[in-house]
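Look at the model below and follow the text through its backbone and then its pockets.

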Amino acid sequence: MKVISNTGPIIALAKIDRLSLIKRLFEKVFIPPMVYKELCAKTGDEWESIEEALDDFIVVKELPLVDESVRLTLADLDEGEKQAVGLASVINDEKILLMDDRAGRKAAQKLNITVTGIVGILLAAKKRGLIHKVSEILEAVRENGYWLSNKVIEVAAKLSGE
C-alpha cells in the first residue's frame, strides 16, 4: 500500500516525538513538494524529529500533472492539501492519504481516495500494540498546539474502547 501524507499528521506526531509510529505502521510515506516546504518551515522542537524522518522514511515525490476534473475538485484547497490530494489521485496502487484538514478530506473522498488522519493512525497503532491509550496521545498532541476538538477526542476514545 502506498501512503501519502499532508503536513498535519506529521507535525502532530513530531510535536510529541511519536513520528516513529507512522514509520512502524507504513514503512514509507510520500509527500509532495509543498508539504516538504511546509515541514521545512517548522522551527520548533519538532524540527529535529521531522528532519530525521525526512532522512529515513518520508520521501518527497514530484507531483505529476493531474487531469482537469481533479484540478477543479481541488481548486479551493490550500497548496499543501491540493498537492497531497493531487499526488494521491495519480497513484494507481492501493493507497491511503494521511490528512486531518476537513476540506482536503472531503475533496479526497470525492475522488474516491481512502483518507485517515491522526485519529486513524493512533487507532491502528493501538490495534498493533504500539500504544496503550489513544486519548492520552491526542491530549498530548493538543497540549502541544495541534488543534483537536473535544468531540474528536471523545469519538477516538470511544472507537478505541477507552
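A residue is called buried under 20% relative accessible area, exposed over 50%, and partly exposed in between, with a 1.4 Å probe and protein chains only. This is a predicted model, in which local features need pLDDT of at least 70, side-chain atom pairs count only at pLDDT 80 or more, and totals for chains, interfaces and linings use all residues. Residues are numbered from 1 along each chain as its sequence is written, and side-chain values use heavy atoms, with hydrogens and water left out.

At 71% relative accessibility, Asn112 is exposed. Asn112 sits in the loop between H7 and strand S5 (115–116); helices (H or I, at least four residues) and strands (E, at least two) are DSSP runs, numbered from the N terminus. Most residues other than glycine have a negative phi. Asn112, not a glycine, has a positive phi of about 60 degrees. Glu27 also has a positive phi, near 70 degrees, and is exposed, with a relative accessible area of 65%.

Now to the pockets. On a 1 Å grid over the protein atoms alone, a pocket is an open set of points where a 1.4 Å probe fits, with protein on both sides within 12 Å along at least five of seven lines; lining residues have an atom within 4 Å of a point. Grid points are joined across faces, edges and corners, and a volume is the space filled by probe spheres set on the points. The largest pocket holds about 480 Å³. Among its 18 lining residues, Asp100, Arg102, Arg105, Leu148 and Val152 are the closest to its centre. The second largest pocket has about 150 Å³, and helix H1 (residues 7–15) gives the most to its lining, with four residues.
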